[in-house]
Every structure is written in C-alpha cells, then in structure tokens.
Amino acid sequence: MEDQLGQIMESLVLPLLCTRKMRNQPAASIGAGFAGLIAFVHYNDEKRAVPKGQGDHNQTNAFKGPVIGGPFSLVNSEGQAFTEKDLLGNWVLLYFGYTSSPDVGPEQLQTMAKTIDILESKQKIKILPIFVTIDPQRDNPSHLRAYLKEFDPRIVGLTGPVSAIRQMAQEYRVFFKRVEEDGDDYLVESSHNMYLLNPSAKVVRLLGMEYNADELAEAITSEVKKATT
C-alpha cells in the first residue's frame, strides 16, 4: 500500500513542477501549493520514488481494489446525464483538465488522441477517452463540445455543478485550485494524470504526463492483454 500511495504522490507532484506557470511562481507559493497537496491526499512519503519502468510493476503501477475512484454524476457535452455506470464494459482513459489551460492540457489531449489512434490501428484495442473539466464555471457542455472537437471528436467531455466536480476529483485524488485570479480571468493549478480503468470501472493504472503516445499505448496494451489472458 505504501508503494501505491508513493506512486500516487509522485504522479500528482511531478506535473505541478512541469507547468509553465509554476516555474514562474516564487518559492513560497510553490511550497504552499505542495503543503495543500499533501494535506489533500493525507500522505507524506519521504522515500525516493521508483522511476517509470523500474521496480515491481504490480506494486508500483497496478491498483488492487477501490484505491481511487468512485461514483459520480455529471453531464456530457450533449447535456445528457453521465455516471460511473456509463463506464462499465469499456476500457477507459480518463483525464482531468480545463479548456483554458495554456500548455499542459492541450499537450495531454493531443497525446490522448494519438494514443487512441495507435491502439485502434495497431492493436485493435478500443478505448473510451474521457475529459473531465475542473473548471465547470467556464466549461459548459457546448463549450466542451467545441473545444474537444479540435483534438478528437471521440473524446467524451464531462462537466457539471462545482460540488459534483469536486466530489469526483476527491474520489480520484485530483488536486486543483484557482491561481492568478483577475476577476473572471484565472488559471487552474492542478495535477496532470491519466487514469486507465478496466471494464469494471476500476482504476488499474495511473499514467503521468511523462508518457508520450507510443509509451502510453504500450502501457495500456500491456494492461489489456494481462486482463484477457
């Protein structure tokens, strides 16, 4: 369990270091953000994390039981109700972001779209890609629909009331908060991870932003083959 939680902490913290806005923030601000993150997940792992692809795969990458994830009730970009039950029967690639993200968000969506193409064309594996906004005040269904079409129309966009988004974020251990607010103009500081869910809607792999599309497709293929052999 400590190895799994350590991996979660590494995957949540490292993306924050990689964002353009975080590099421009003073050290005190970054320290405060880390303190909030640690309090959010209630864990402080002082051990060095295992690099990607090293160590015991089952301990560092696979999740047994309901470690993260849970029920939710949102709406898709067509305004239709969407819950955790709609995930059942599909392998799901889940990402939390927001449409006003200046850099990391678009890069991750591009990676997601390329990964889907690789999996379908080379491995004949079908994945349900889902984008959950962490900025529901600005990302309404029609806005999500128009935004996601720029990347891949197969990506399902989800939004909903602020309380519902926060509940789902808490279930999936997603950290986010507004920063650099100037009236209605603001950025959202967040963790950047993709979650691979099996057809039972259980998280089986947490994939950080260090993966490119080929590596992401390889990791997903490995999990799918393990589950079907």
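**Entry 1. Arg154 and its partners**

I began with Arg154, which forms a salt bridge with Glu120, the closest N and O atoms being 2.9 Å apart; a salt bridge here is a side-chain nitrogen of Lys or Arg within 4 Å of a carboxyl oxygen of Asp or Glu. Arg154 lies in the loop between helix 6 and strand 5 and Glu120 in helix 5 (residues 104-123), so the pair ties together parts that are 34 residues apart in sequence. Helices (H or I, at least four residues) and strands (E, at least two) are DSSP runs, numbered from the N terminus.

I noted at once that this is a predicted model, in which local features need pLDDT of at least 70 and side-chain atom pairs count only at pLDDT 80 or more, while totals for chains, interfaces and linings use all residues. Residues are numbered from 1 along each chain as its sequence is written, and side-chain values use heavy atoms, with hydrogens and water left out.

I then looked up accessibility, where buried means under 20% relative accessible area, exposed over 50%, and partly exposed in between (1.4 Å probe, protein chains only). Arg154 counts as partly exposed because its relative accessibility is 30%. Glu120, at 27%, also counts as partly exposed.

**Entry 2. Asp152**

Which residue forms a salt bridge with Asp152? I found Arg154, with the closest N and O atoms 2.6 Å apart. The two side chains are also listed as making a polar contact at 2.6 Å, that is, a pair of N or O atoms within 3.5 Å; within protein, one must be able to donate a hydrogen and the other to accept it, and residues adjacent in sequence count only if both atoms are side-chain atoms.

I located Asp152 in the loop between helix 6 (141-149) and strand 5 (156-159). Its relative accessibility is 6%, so Asp152 counts as buried. Leaving aside neighbours within four places in sequence, Asp152 is in contact (heavy atoms within 4.5 Å) with Ala113 and Asp117. I also recorded that Asp152 and Met112 are 40 residues apart in sequence, yet 8.9 Å apart in space from C-alpha to C-alpha.

**Entry 3. Arg205, Glu223 and helix 8**

I next examined Arg205, which forms a salt bridge with Glu223, the closest N and O atoms being 3.3 Å apart. This pair links distant parts of the chain, with Arg205 in strand 9 (residues 203-208) and Glu223 in helix 8, 18 residues apart. Are these two residues buried or exposed? Arg205 counts as buried because its relative accessibility is 7%, and Glu223 counts as buried at 6%.

Helix 8 (residues 213-228) has 16 residues and reaches 22 Å from its first C-alpha to its last, close to the 22 Å expected at 1.5 Å a residue; the expected span is 1.5 Å times one less than the number of residues. Among its buried residues I listed Leu216, Ile220, Glu223 and Val224. At the start of helix 8, a side-chain oxygen of Asn212 comes within 3.1 Å of the backbone nitrogen of Asp214.

**Entry 4. Helix 7**

In helix 7 (residues 162-171), I found Ala164, Ile165, Met168 and Ala169 buried. Seen down the helix axis, these buried residues fall within an arc of 135°, so they line one face of helix 7; the arc is that of the directions from the helix axis to the C-beta atoms. Ser163 and Gln170, on the other side of helix 7, are exposed. Arg173 follows helix 7 and has a positive phi, near 60°.

**Entry 5. The whole model**

I counted eight helices and nine strands in the protein. Of its 229 residues, 50% count as buried. Residues 24 or more positions apart account for 73% of the contacts with a separation of 6 or more.

The protein averages 78, and 70% of the residues score at least 70. Over residues 1-63 the pLDDT is below 50, although this stretch has 91 contacts in the model beyond near neighbours in sequence. Where pLDDT is low, the predicted coordinates should not be read in detail.

Methods
pLDDT is the predictor's confidence in each residue, from 0 to 100.
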